[in-house]
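Here are my notes after going through the model you sent.

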Amino acid sequence: IHTLYMCRNDLEITGILRRAVYHLTAAISQIHSIATQRYELYQLKLLRSRQRGNFDRLLSCIGVFWSCTVLASIVICIGVYTYPTNPEIGDKKIRYFKKVLQFTENFFSQTSPSRNRWEEAAVLCNALVQLCTKLQSTLY
């Protein structure tokens, strides 16, 4: 039996990116299920006025959520593809990917069915865009 060896930085990057992908896909499925459920109730005219307002806020933020999840997915794919190329900036990438992981965790919690904080999640998405543009030149 051969033992596979990965250095500590590679294991850390792999774990960070794996958790980020998990939180991102879970947030997408949460948003999808909430939107589908509320749309059905909206069509049947069973939503109360506060719930209709919440549903309207969700619909207004869907575009931002879509572009943000695509951006986070691209960042994760680029991270997987480009990590081994330059080991000197490995620590910078680890810090960067930890910030992306923090975004995905916060995005997941803000979009949970119990919280329904759509505007706060949209603010998080704008912060991710700023983070990507700020650190793009230093990492890649």
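This is a predicted model: local features need pLDDT of at least 70, side-chain atom pairs count only at pLDDT 80 or more; totals for chains, interfaces and linings use all residues.

**Notes on the model**

1. Ile78 sits in helix α2, which covers residues 49-82. Together with Trp66, Val70 and Ile74, Ile78 makes a nonpolar surface patch of about 390 Å².

2. Now the overall layout. Along the sequence the pattern reads α-α-α-α. Of the 140 residues in the chain, 37% are buried.

3. Lys92, Arg95, Lys99 and Lys134 form a positive surface patch. Helix α3, residues 90-110, supplies the largest share of this patch, with 3 residues. Arg95 is found in helix α3.

4. How many salt bridges does the structure hold? The count is 3. As a reminder, side chains of opposite charge can pair when their charged atoms come close.

5. Start with Glu12 and Lys98, whose side chains meet in a salt bridge at 3.2 Å, N to O. Glu12 is in helix α1 and Lys98 in helix α3, so this pair ties together parts that are 86 residues apart in sequence. Both ends are partly exposed: Glu12 has 23% relative accessibility, and Lys98 has a relative accessible area of 42%.

6. Next come Glu119 and Arg57, with a side-chain salt bridge at 3.4 Å, N to O. Glu119 counts as partly exposed at 38% relative accessibility, and Arg57 counts as partly exposed at 33%.

7. The remaining pair is Arg117 with Glu120, where the closest N and O atoms are 3.9 Å apart. The salt-bridge cut-off is within 4 Å, so a value of 3.9 Å still qualifies. Arg117 is partly exposed at 37% relative accessibility, and Glu120 is partly exposed with a relative accessible area of 37%.

8. Is Thr104 buried or exposed? Thr104 is buried, with a relative accessible area of 1%, and the cut-off for buried is under 20%. Thr104 is found in helix α3, and its side chain reaches the backbone oxygen of Leu101 at 2.8 Å.

9. Thr111 is the other one. Its place is in the loop between α3 and α4, the latter being residues 118-139. Thr111 counts as buried at 0% relative accessibility. The side chain of Thr111 reaches the backbone oxygen of Phe107 at 2.8 Å.

10. Last, a pair to find on screen. Ser33 lies in helix α1, residues 8-43, and counts as partly exposed at 39% relative accessibility. Where does Pro113 stand relative to Ser33? The two are 80 residues apart in sequence, and their C-alpha atoms are 9.1 Å apart in space.

Notes:
Residues are numbered from 1 along each chain as its sequence is written. Side-chain values use heavy atoms; hydrogens and water are left out. Patches are made of residues with over 30% relative accessible area and no salt bridge: like charges are joined within 9 Å, nonpolar side chains (Val, Leu, Ile, Met, Phe, Trp, Tyr) within 5 Å. Accessible areas come from the Shrake-Rupley method with a 1.4 Å probe; for residues, only the protein chains shown count as cover. Lys and Arg count as positive and Asp and Glu as negative; His and the chain ends are not counted. The place of a charge is taken as NZ of Lys, CZ of Arg, CG of Asp or CD of Glu. Helices (H or I, at least four residues) and strands (E, at least two) are DSSP runs, numbered from the N terminus. Buried means under 20% relative accessible area, exposed over 50%, partly exposed in between (1.4 Å probe, protein chains only). A polar contact is a pair of N or O atoms within 3.5 Å; within protein, one must be able to donate a hydrogen and the other to accept it, and residues adjacent in sequence count only if both atoms are side-chain atoms.
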